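Q: I've got a fold on my screen and I'd like to learn how to read it. Can you walk me through it?

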Amino acid sequence: MKFSGRSLMNSKNFSDVENLPLEDKQLQDVDVQWMERAIQVADLTAPSGDVPIGAVVVSATGQELAIGWNTRERDQDPCGHAELNGLRAAAARQGSWRLEGCSLYVTLEPCAMCAGAMVLARIRRCVWGAADPKGGYLGSLGNLGADPRLNHRYEVQGGVLAEPCSALLKAFFRDLRQKKG
Ligand SMILES: [Zn+2]
């Protein structure tokens, strides 16, 4: 799934990886590595029983700047999404709210609030894993990252490691239903 910016293959189709131009293939490998990290981060929701969603903010130079995970239940905070927590931690670490040049990786397609926060933080790129047809605003219900009326736009790449990202959520909700009997 591709919504703006440079030409990249559909991330769901890994069989085509060998046919990519070298630069795109390297970008693809990097995306997969950071998404694996975001999946690890999603595990940090386990102690609080929050829905497992993880995010990583990567600096312009390709270093991990901050992580964020879903804390909605833990903090009883409707805004406690993984992406917002990650953006806040990244801005605090940088000592600047401007996250120009940064990329944010997240296991689930961001909602409108988080997609909007990424506009405000002026990030360069967002890469997400599983699509969210009922709430996602970087491809599914709209694309806030590419709205020409806003004063900042960013590149969006969806569907990176979509299957493991969505398996995480499916397992969580299956366990929840079993606990409830
Ligand atoms: Zn959100």
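This is a predicted model: local features need pLDDT of at least 70, side-chain atom pairs count only at pLDDT 80 or more; totals for chains, interfaces and linings use all residues.

Q: Let's start with the sheet: how many strands form it, and in what order?

A: Five strands make up an open sheet, ordered 2-1-3-4-5, with mixed pairing. Strand 2 (64-69) and strand 5 (155-157) are at the edges; each has a single partner strand, so one side of each has no neighbour in the sheet. From one strand to the next, the twist averages 15°.

Q: Which way do strand 1 and strand 3 run, and how many bridges join them?

A: Strand 1 (residues 54-58) and strand 3 (residues 103-108) run antiparallel, joined by four bridges. To find one of these on screen, go to Ala-55: its bridge partner in strand 3 is Val-106.

Q: And what does helix 3 touch when it packs on the sheet?

A: Helix 3 touches strand 1, strand 2 and strand 3, and its direction makes about 145° with that of strand 2. Helix 5 (residues 162-180) also packs on the sheet, touching strand 3 and strand 4 (125-130), and makes an angle of about 60° with strand 4.

Q: Is Ala-82 buried or exposed?

A: You count C-beta atoms around the residue, and 20 or more others within 10 Å makes it buried. Ala-82 has 31, so it's buried. This residue belongs to helix 3 (residues 82-94). Setting aside neighbours within four places in sequence, its contacts include Ala-55 and Val-106, along with Ile-53, Gly-54 and Trp-69.

Q: Which residues touch the most other members of the largest nonpolar core?

A: That core has 46 residues, and Ala-38, Val-57 and Tyr-105 are the ones touching the most other members. Helix 1 gives the largest share, six residues.

Q: How do I read a helix with buried residues, and which ones are buried in helix 4?

A: The general idea first: an α-helix has 3.6 residues a turn, so residues three or four places apart point the same way. In helix 4, the buried residues are Cys-114, Ala-115, Ala-117 and Met-118. They span an arc of only 155° around the axis, so they sit on the same side of helix 4.

Q: What covers those buried residues of helix 4?

A: The cover includes helix 3, strand 3 and strand 4. While you're there, look just after helix 4, where Arg-122 has a positive phi of about 60°.

Technical notes:
Residues are numbered from 1 along each chain as its sequence is written. Helices (H or I, at least four residues) and strands (E, at least two) are DSSP runs, numbered from the N terminus. A residue is buried if 20 or more other C-beta atoms lie within 10 Å of its own, exposed if 12 or fewer, and partly exposed in between; C-beta atoms are placed from the backbone. Two residues are in contact if their C-beta atoms, placed from the backbone, lie within 7 Å. Two strands pair if DSSP finds at least two bridges between them. Axes are lines fitted to C-alpha atoms, for helices over the stretch in contact, and angles run from 0 to 180 degrees between N-to-C directions. A nonpolar core is a set of buried Ala, Val, Leu, Ile, Met, Phe, Trp, Tyr and Cys residues joined through C-beta atoms within 7 Å. The arc is that of the directions from the helix axis to the C-beta atoms.
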